[in-house]
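Visitor: I would like a quick tour of this protein chain. Can you take my questions one at a time?

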Amino acid sequence: MSTSMYRAYRSNLFKYWPYYLAGTASLLITTCSEVLIPKFIQWSIDLLTNSEAVPALFQQDGKRETLDVLIASLLLTLTIGWIGRIGWRQLLARQTHSIGHQLKTQFWDALKHQPLSFLQRYSLGDLMNRATGDWNKSRFIHGFTMVFSFDVVFFICLSLVSMLMIDVWLTLASLFIVPFLPRRIIKLSKMEYAQHQTAQETLSELSDMISQSVQTVRLQRSTATEGSWFQQLSKRAKGYAYEQFEVLKIGWKIFIIGAIPTIIAYGVLFSFGIYKYQNGDISIGEFLAMQSYVLLLQSPLFELGSVISEWQTGFASFSRVHEILAQKKSPNTGLTEFSQTEASAISLEDLSFNYPKQETGLKNLNIDIVAGEMIGITGSIGAGKSTLLNLISGLQENYSGKIKLFGQDLKALDAKFISDSITVVPQKPFLFSGSIRHNIELASQFSDEHLEEVLKAVRLWDDIQDMPDRLDTWIGEWGINLSGGQKQRLAIARALTRDSRVLILDDALSAVDSVTEEHILKALETLFANKTIIWTAHRSSTLQLCNTLYELKNGSLNLVKG
């Protein structure tokens, strides 16, 4: 575990320490109540067999009265244990969900401020795997894994003390092998940690290949290459299955080692234990209590290997999540506000950009976009329109010249502030595997009336009324259940809910028919009246609202209209 990851994990614990402390106390109360149950059984049986081993606390004038007190105390103990169980579930286990939400928010917050070059280091499939599988493992070590761990420790310690109080030698004989197991379990756990990381990396590659396969499904059909893609996906899937099976094999080895003490304990108990009972060294109640404690120990000893496994795989996944969280730029030293009266929204000063190993690119672009103006940019495919928009929105780095946002150098502005000020609607929008509502709201919340307003503006409301669950209809991974035009309109509706001063539309109506496009344009003319719009498109009809029009050709911007 890296130092920074350890600090991040410790910080999460300290932030909610009252919940962890109270939850741990509740778990201890629950464990104590369960460990006391065999003692009540022992005392009751010894009472009925004329033994005098019942503690003075419960002894009454008669045997019947004493038994009544024992039963009442048992019921009280069970009630306290039930209350404790509710307590640790609401306090300790619930942190799994609380920290999970926090990690998810931090993960996406870190991602949304990264430049496009970030995707050259981390593929989309890898990022999705970290945001799902690794995230799930990471949140468990902040809650449920801790519950299992404390449960194992408390049960083993309290049960061991109770057994020693009954008979020291019988306890030592039953559990003599336990001290020899941790070293072997730890060795296997380290192997499982490394193997889990390997499996997760293989899954990331598989996820990335699946996303590429979905994106190119039409191309595959037109070129009859589905078979080749299927073979590649099948090979990679088998590779992941093999790696994951190796993780499971190591986990089963740990599980089997954890089961050995229980088997030996029962063997000792039904030989040496019966011998001691026949000699009068222990009572029948104590013998039965010892059986109960061995049975109680069976679960935590079985879980011991699983708990160690959960910690190992959990931290392996947390390291992958933390790697992304650490990408977030800090401290935020950039500017976080600018003048509200600045006349220029976007200014380009001798802006030039070239991709590596390419001679063509953007050359000495100079343009001044007035605040509230709507400009259009045309150009052939590959002219650099999307690249220019990525530069303006801060998604692309390593350019020369200057880009100014409301008079301030873009490089001097805080990344979060830029994303809050500029909304981008790409030609191929990214949609989550969630509902229509979720894909519009993201981290915000809006009334159904407001969602209806923006969806009507993009002519998507009537389509949604025909869907099974309307706003809560599940659209599938990448919005696979929607048509290309519906995806674009949904992305524009999402942009309408953002309160940003600059809107960038990268051919965002390319998949929409001309009639629908005209309706949307009329609606946007009113809704975007006070925003600065930069719009690229191949169809001239799409840019009819723009009062200024440029053509991007051979790396230069040429004024066409305005």
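Guide: Start with the surface. This is a predicted model. Lys253 belongs to helix α11, residues 226–278. Its relative accessibility is 44%. Buried needs under 20% and exposed over 50%, so Lys253 counts as partly exposed.

Visitor: Which helix gives the largest share of the positive patch?

Guide: The patch is made up of Arg183, Arg184, Lys187 and Lys253. Lys253 sits in helix α11. The largest share, 3 residues, comes from residues 182–215, helix α9.

Visitor: Which element gives the most to the nonpolar patch?

Guide: Leu160, Leu164, Val168, Trp169 and Leu172 make up this surface patch, and together they have about 470 Å² of accessible area. Two elements give two or more residues each: α7 (144–166) and α8 (168–174). The top contributor, with 3 residues, is α8.

Visitor: Is Trp169 buried or exposed?

Guide: Trp169 is found in helix α8. Exposed means over 50% relative accessible area. Trp169 has 63%, so the label is exposed.

Visitor: How far apart are the closest N and O atoms of Arg320 and Asp134?

Guide: Side chains of opposite charge can pair when their charged atoms come close. Arg320 and Asp134 form a salt bridge. Arg320 is in helix α12 (residues 284–325) and Asp134 in helix α6 (residues 124–140), 186 residues apart. Yet their closest N and O atoms are separated by 2.5 Å.

Visitor: Is Asp281 buried, partly exposed or exposed?

Guide: Lys276 is buried at 9% relative accessible area. Asp167 is buried as well. Asp281 has 45%, so Asp281 is partly exposed.

Visitor: How far apart are the end C-alpha atoms of helix α4?

Guide: Helix α4 covers residues 95–111, which is 17 residues. At 1.5 Å a residue, α4 should span 24 Å. The model agrees, because the end C-alpha atoms are apart by 24 Å.

Notes: Residues numbered from 1 in each chain as written. Predicted model: local features only at pLDDT ≥ 70, side-chain atom pairs only at ≥ 80, totals over all residues. Heavy atoms only, no water. Helix = DSSP H or I, 4+ residues; strand = E, 2+ residues; numbered from the N terminus. Expected span 1.5 Å × (residues − 1). Patch = residues over 30% accessible without salt bridge, like charges linked within 9 Å, V, L, I, M, F, W, Y side chains within 5 Å. Areas by Shrake-Rupley, 256 points an atom, 1.4 Å probe, with all protein chains shown as cover. Salt bridge = Lys/Arg side-chain N within 4 Å of Asp/Glu carboxyl O. Lys, Arg positive; Asp, Glu negative; His and termini not counted. Charge placed at Lys NZ, Arg CZ, Asp CG, Glu CD. Buried < 20%, exposed > 50% of the residue type's maximum accessible area, 1.4 Å probe, protein only.
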